[in-house]
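Hello,

Here is the structure I promised to pass on. Have a look at it first, and my notes follow below.

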Amino acid sequence: MRKVEVSLFINATPEKIIDAFVNTERLKEWWQVEQALIVPKPGGLYTLVWQISDQGFGYVSSGQIVSYDPMSELIIDNFVYLNPTKDLLGPMSLTVRVRSKDSGSEFYLCQDGYQSGADWDWYYEAVKQAWPDLLNSFKSYIES
């Protein structure tokens with residue numbers, strides 16, 4: 001099955017990195033999330049919303065947290081992507097792992113569970129380009 005993986009070294013603590021994925025205000029700053037509902041614990045919700053207008057939501061990603069350690073890990077299963085112009089896409093998983101190393105952290109992100117079909121191919125290609133670009137911006141944001 002296809003997956004998108006990104007690994008990089010970040011000059012920040014693991015706790016600061018994981019927090020940026022569960023803290024609504026920080027998500028707004030680095031990922032331009034407009035609304036979020038996150039319950040950071042196993043079994044908790046993880047929902048992010050972009051492009052809110054009078055007509056509704058532009059894009060939504062949502063899933064259930066299956067593992068959460070504020071010092072090292074966030075794993076979301078049953079991760080779905082909702083786009084008003086595409087089929088509902090899911091379930092997938094999103095994994096963020098961080099490990100202290102030297103004066104910073106080794107960071108790893110994996111989004112997997114992509115299936116087949118035109119909408120899946122479109123989404124996979126978009127995410128394959130978006131995560132590396134976004135995480136380079138994230139690195140600059142978190143290191144500042």
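Which residues touch the most other members of the largest nonpolar core? They are Phe21, Trp31, Tyr46, Phe107, Trp131 and Phe138, out of 40 residues in that core. Here a nonpolar core is a set of buried Ala, Val, Leu, Ile, Met, Phe, Trp, Tyr and Cys residues joined through side-chain atoms within 4.5 Å, and buried means under 20% relative accessible area with a 1.4 Å probe, protein chains only. Helix 3 (118-143) gives the most to this core, with 9 residues; helices are DSSP runs of H or I with at least four residues, numbered from the N terminus.

Before going further, please note that this is a predicted model: local features need pLDDT of at least 70, side-chain atom pairs count only at pLDDT 80 or more, and totals for chains, interfaces and linings use all residues. Residues are numbered from 1 along each chain as its sequence is written, and side-chain values use heavy atoms, leaving out hydrogens and water.

Leaving aside neighbours within four places in sequence, Trp131 is in contact (heavy atoms within 4.5 Å) with Val4, Val6, Phe21, Trp30, Trp31, Leu94, Leu109 and Gln111.

Then there are the helices. In helix 2 (residues 24-31), Arg26, Glu29, Trp30 and Trp31 meet Trp131, Leu134, Phe138, Tyr141 and Ile142 of helix 3. This contact has 7 nonpolar, no polar and 2 charged residues, with Ala, Val, Leu, Ile, Met, Phe, Trp, Tyr, Cys and Pro counted as nonpolar, Asp, Glu, Lys and Arg as charged, and the others as polar.

Best wishes

Notes. Helices (H or I, at least four residues) and strands (E, at least two) are DSSP runs, numbered from the N terminus. Axes are lines fitted to C-alpha atoms, for helices over the stretch in contact, and angles run from 0 to 180 degrees between N-to-C directions. Buried means under 20% relative accessible area, exposed over 50%, partly exposed in between (1.4 Å probe, protein chains only).
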